[in-house]
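Take a walk through this model, one stop at a time. Keep the sequence beside the structure as you read.

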Amino acid sequence: MTIAFAFFIIAFLTIIFLNPQLGTFLIWPILFTYPHGWWYHQGFLPLNIGYDDLFCITLFLVVFVRRNLMGGIPLRLGYGFWVITAFIGVVTLAGFSGAMDWPAYRFVILKEILKVWVFWCLFYAVVHCVDDEKDLQTQLIMFSAAAVLGAGLVIFQYFVPSLAWPWQLPETTGLGGQTISGTIGEEEELRRAYGAFMNANGAACVLVCSFILLLGSLKLQKNIWKRFIYYIFAFLLLVAALVTKSRSGFLMLAAVLFLMAFWGQNKRLSWLAIGTFIVVLFLFAGTRKAFFERLSEVYNPASKEVSGNVLGRVELWKRYFSTMNLKIFVLGQGSTAGIIRNETESHSMYVSLITVYGLPGLIWALSSLYGFVKRAVFVRCYSRSLLLWQVATICLWAIFSWGVYAGTSDALSSNYPRYLLFFLVVLVDRAFELCRRQELVAADGYLNYLDSYRISDWEVNEGYV
């Protein structure tokens, strides 16, 4: 198996060097099928980084050298670049602030900071490899296809957990002293699959948002066979989201589908998705039972009481605010220091924006959201391309769904929800730039049209005017 991985790594690095754009398309299947369990036990690379990190760094270097320096592609210092770069700054500042309070954990905090720089390398490469609408559509398709592959692993892990060991992590002790289990239970009631996403809630977030992106892509497919394949992919994403048994995933899916069903452009597809989810839910009796048991942990209709799980989350949020001081408010403390100080993560991005990332994190989030909505609305209003219009529309729905999920999870500190967020940022950024380019071309063409009908001196002298 090690030889096979080595051969695969060499082959993919060769592809990146020969065709950087193809590398940015193929990186998504790698990220969504990465066998963390297998690589965790090997420890081949320093700091236990994986080959996915290696590919992202290599991809950045090749794109910078081959496309920017040698290919003449200018640096695209637009919205997407600055959103991701500013987030790196926020995390770095908060990390160093937390390291001053907890010097014994500086190595762990350093890994946290280095990880977000790997994110920066990946999305720098993607931004500089989307040159036209075809590239944009290919990125969307490859991301959705990779999510379907990830969904297949989630389903496989749920039904055959004993064979899915390469994607399972060993049981470890968390920073707060609590036990973190990377494996899934053998009993169906306890089993929650996550595939290559490392966490059931993070898996549900990516799967549900990918499902929304896939619904938008369906509107662009005119071939009946392609549409049929997309329907199968959507079905797999729904099944995978269900077997994660994530209440956050169910909430974000229900919220976005019902809103789309009443106010969206794809009402028929939304109602079809709702019906399909209900059918899937009742096809698996054991999963259905376990799923409703988890939902009853939120609110018990028999006793008409909110569960201790919800009340515990509220107390946790209060704890994060009560342990925050002026230094944390101004500089932040980073997710690692937040877990050490409060014995667990915040379980809400809206809490962590202030208590983990501080005032810089809040300013970054508000300005980024404003820019995201502004650009998406611009594309919807002025685009002459169905593809760009559809990309802007589904990105708005996806970011709304992501925001629902973030209410009960620190999505900014979780790897795969962060991948998803920055991918949506890049899609909107490139769609906006392509739309603006079309507007400039159209305006230039109109001016040329007017120039061709201007009155000439010859026409005046000859008496035509």
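Start with glutamate 343, which sits in the loop between α15 (334-342) and α16. The model is a predicted one. Most residues other than glycine have a negative phi. Glutamate 343 is not a glycine, yet its phi is positive, at about 70°. Histidine 347 lies in the loop between α15 and α16 as well. Its phi is also positive, about 60°, and histidine 347 is not a glycine either.

Move on to α16 (349-355), which supplies at least two residues to the lining of the second largest pocket. Rolling a probe the size of a water molecule over the atoms shows where empty space is left. This pocket has a volume of about 400 Å³. Its lining counts 20 residues, and the closest to the pocket centre are Met349, Ala365, Leu369, Ile399 and Trp402. Which other helices supply at least two lining residues each? They are α5 (79-101), α17 (358-382), α18 (386-406) and α19 (415-451). The largest share comes from α17, with 7 residues. By class, the lining has 18 nonpolar residues, 2 polar ones and no charged ones.

The crossing of the two is left-handed. On the α5 side, the contact uses Tyr79, Val83, Ala86, Phe87, Val90 and Leu93. On the α17 side, Pro360, Gly361, Trp364, Ser368, Gly371, Phe372 and Arg375 take part. This contact of α5 with α17 has 9 nonpolar, 3 polar and 1 charged residues.

Now turn to another helix pair, α7 (residues 133-159) and α9 (residues 224-243). Their axes come within 8 Å and cross at roughly 45°. The helices α7 and α9 are therefore oblique to each other. Here too the crossing is left-handed, with α7 passing α9. Which residues of α7 meet α9? They are Ile141, Ala147, Val148, Ala151, Val154, Ile155 and Tyr158. Facing them in α9 are Tyr230, Phe233, Leu236, Leu237, Val239, Ala240 and Val243. How do the residues of this contact divide by class?

Methods:
Residues are numbered from 1 along each chain as its sequence is written. This is a predicted model: local features need pLDDT of at least 70, side-chain atom pairs count only at pLDDT 80 or more; totals for chains, interfaces and linings use all residues. Side-chain values use heavy atoms; hydrogens and water are left out. Axes are lines fitted to C-alpha atoms, for helices over the stretch in contact, and angles run from 0 to 180 degrees between N-to-C directions. Helices (H or I, at least four residues) and strands (E, at least two) are DSSP runs, numbered from the N terminus. Angles under 35 degrees count as roughly parallel, over 145 as roughly antiparallel, 65 to 115 as roughly perpendicular and the rest as oblique. A crossing is left-handed if the near helix is turned anticlockwise from the far one by less than a right angle, and right-handed if clockwise. Contact means heavy atoms within 4.5 Å. On a 1 Å grid over the protein atoms alone, a cavity is a set of points where a 1.4 Å probe fits but cannot get out, and a pocket is an open set with protein on both sides within 12 Å along at least five of seven lines; lining residues have an atom within 4 Å of a point. Grid points are joined across faces, edges and corners, and a volume is the space filled by probe spheres set on the points. Ala, Val, Leu, Ile, Met, Phe, Trp, Tyr, Cys and Pro count as nonpolar, Asp, Glu, Lys and Arg as charged, and the others, Gly among them, as polar.
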